[in-house]
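Good morning, and thank you for coming. Please look at the structure on the screen while I go through its side-chain contacts and one of its pockets.

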Amino acid sequence: MQMIKYNYPLKKYNTFGIDIHTRKFVRLDNEQQATELFKEGTFFSDNCLILGGGSNILFSGDYDGTVIQALFRDVKILEISTDSAIITADAGLEWDKLVEWAVKNGLGGLENLSGIPGHTGAAPIQNIGAYGAEVSEMINAVHAISLENGDRRVFSAEECRFGYRDSIFKNEMKGKYLITRVEFRLSRDHHNIKLSYGNLEQEIKGRGQPTLAAVRDAVIKIRNDKLPDPSLTGNAGSFFKNPVLETDQYTKLKKKFSDMPSWELGNGLYKVPAAWLIEKAGWKGRQVGRAAVHHRQALVLVNLGGAKGSEILKLSRMIMDSVEEMSGIRLSREVNII
C-alpha cells in the first residue's frame, strides 16, 4: 500500500546513518502506484529525490523536498536461449539478492559485483562496478516512469550512455525518471570468468575451479575483509572515483612516485587507485570530529557515531585538497551529495 509521510526521519534509509529528515516521504509498492501518482503532475515541480537503499548518498542536512522509494522486488526470466538469458529485476530488489539469485540459477555476469549494498534500481544510475566488471556490460534495457506525467519509457543500453560510474540518469535525466525495472543479459554457458582484478585470482586459487559461486564467495570474503559493515559503522563504500589520467600526466606522476600502482586502459589512458593517493597523502585512519577515513581502506569514509553529513563532507574536501596538493590530481566523489 502506498505510504505518504511528512517530516519523516531518514536515518535508517542511508548507510552513513546521518540523522536527518525529509519534508515528504513516499513509498511505492508497485509500478501501477507510481504511474498513477506521477500522472497527477504534483511531483515534477517539487524537489524530488529517488532513494534506493541509501548506499551511495550523503545527506549534508535535512532534505526540503520529497523522497520517493520504490520497494517492488520481483525478478524473473524473460527470454532464454542456449548460451544466454534475459532477466528482469525490479528496482526495489536488494542488489546482492539479485546477484545471489543469478549465481544460484547458473547465470553469469554479475558475480564480480557481489556484496555491493543498495537496490537494483540504483545500479544503472551509478553504473556500479567492482573487481574488473561494470553492470553496464550486462544491462539490456532500463524501464522507467516519468515523474512529470507518469509515462513509461524503456531506455536501451546505448541510450543510457554509460561511462565510468556514470550514466544519463546522473546527468540530463537526473530527477526526471523513476527506474522501475532493469533487464540484464546473462550467460548460461561459457561464462566469462574475470579474475584479473586485484587479489581475486589469488583468493580463488584455494577454491578449486573458478565457478560462478566460487567467484561470488571470493569477492564477498575480500570485501568483508577490507570494508566496514554499514550496519555497524556508517559508510557508503567507496567515497571517491579512481582517477583516469592521460599519458603525459601519468608519466610525470610515475616519475615522482615510482611505487604508484596503475592499470593501463588503452588509448593512452591509465587508471590510478584513489585509495593509494589518499593513503600516500597521509589520510588513512585519520579522524576529524566524528568522521574518519577507515583504517583498513582509505577509499572509505566512516561515521564513527553521531557525525553530521557536513562533517563527512568537510573531511572529503580536506582529502581532495591534500591529494591535489601532493599529486596535481583533483579527486572526484563517487558518493552523491544531497
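Tyr250 and Tyr270 are both buried, where buried means under 20% relative accessible area, exposed means over 50%, and partly exposed lies in between, with a 1.4 Å probe and protein chains only. Before I go on, please note that this is a predicted model, in which local features need pLDDT of at least 70, side-chain atom pairs count only at pLDDT 80 or more, and totals for chains, interfaces and linings use all residues. Residues are numbered from 1 along each chain as its sequence is written, and side-chain values use heavy atoms, with hydrogens and water left out.

Let me begin with the aromatic rings. The structure holds 10 aromatic pairs; rings of Phe, Tyr and Trp (its six-membered ring) pair if their centres lie within 6.5 Å, and planes under 30 degrees apart count as stacked, over 60 as edge-to-face and the rest as tilted. One of these pairs is formed by Phe16 and Phe239, which count as edge-to-face because their ring centres are 6.2 Å apart and their planes stand at 70°. Phe16 belongs to the loop between β1 (3-9) and β2 (21-28), and Phe239 to the loop between β13 and β14 (244-246), so this pair ties together parts that are 223 residues apart in sequence. Helices (H or I, at least four residues) and strands (E, at least two) are DSSP runs, numbered from the N terminus. Phe16 counts as buried, at 1% relative accessibility, and Phe239 likewise counts as buried, at 0%.

Tyr250 and Tyr270 form an aromatic pair of the stacked kind, with 3.9 Å from centre to centre and 5° between the planes. Tyr250 is in helix α6 (residues 247-256) and Tyr270 in strand β16 (residues 269-271), so the pair links distant parts of the chain, 20 residues apart.

A charge sits over a ring if NZ of Lys or CZ of Arg is within 6 Å of the ring centre and within 35 degrees of the ring normal. Lys271 lies over the face of Tyr164, at 4.4 Å from the ring centre, and the charged end of Arg286 sits over the ring of Trp283, 3.8 Å from its centre.

I turn now to charged partners. How many salt bridges does the count come to? The count comes to 15 salt bridges, each being a side-chain nitrogen of Lys or Arg within 4 Å of a carboxyl oxygen of Asp or Glu. In one of them, Lys194 joins Glu137, with the closest N and O atoms 2.5 Å apart. Lys194 lies in the loop between β12 (177-187) and α4 (200-204) and Glu137 in the loop between β9 (133-134) and β10 (139-146), so this bridge ties together parts that are 57 residues apart in sequence. Lys194 is partly exposed at 22% relative accessibility, and Glu137 is partly exposed at 43%.

Lys221 and Asp225 also meet in a salt bridge, at 2.8 Å from N to O. The two are 4 residues apart in helix α5, so about one helical turn separates them. Lys221 counts as partly exposed at 36% relative accessibility, as does Asp225 at 43%. Glu31, Arg152 and Arg181 are linked in a network of salt bridges.

Asn127 is not a glycine, yet has a positive phi of about 50°. Asn127 is in the loop between α3 (123-126) and β8 (129-130), and is buried, with a relative accessible area of 0%. Arg165, also a residue other than glycine, has a positive phi near 55°. Arg165 is placed in the loop between β11 (152-156) and β12 and counts as buried at 9% relative accessibility.

Finally, the second largest pocket. A pocket is an open set of points on a 1 Å grid over the protein atoms alone, where a 1.4 Å probe fits, with protein on both sides within 12 Å along at least five of seven lines; lining residues have an atom within 4 Å of a point. About 680 Å³ of space lies in this pocket, the volume being the space filled by probe spheres set on the points, which are joined across faces, edges and corners. Its lining has 33 residues, of which Gly115, Ile116, Pro117, Gly118 and Pro230 lie nearest the centre. α2 (95-104), α5 (212-226) and β13 (234-238) each supply at least two residues of the lining.
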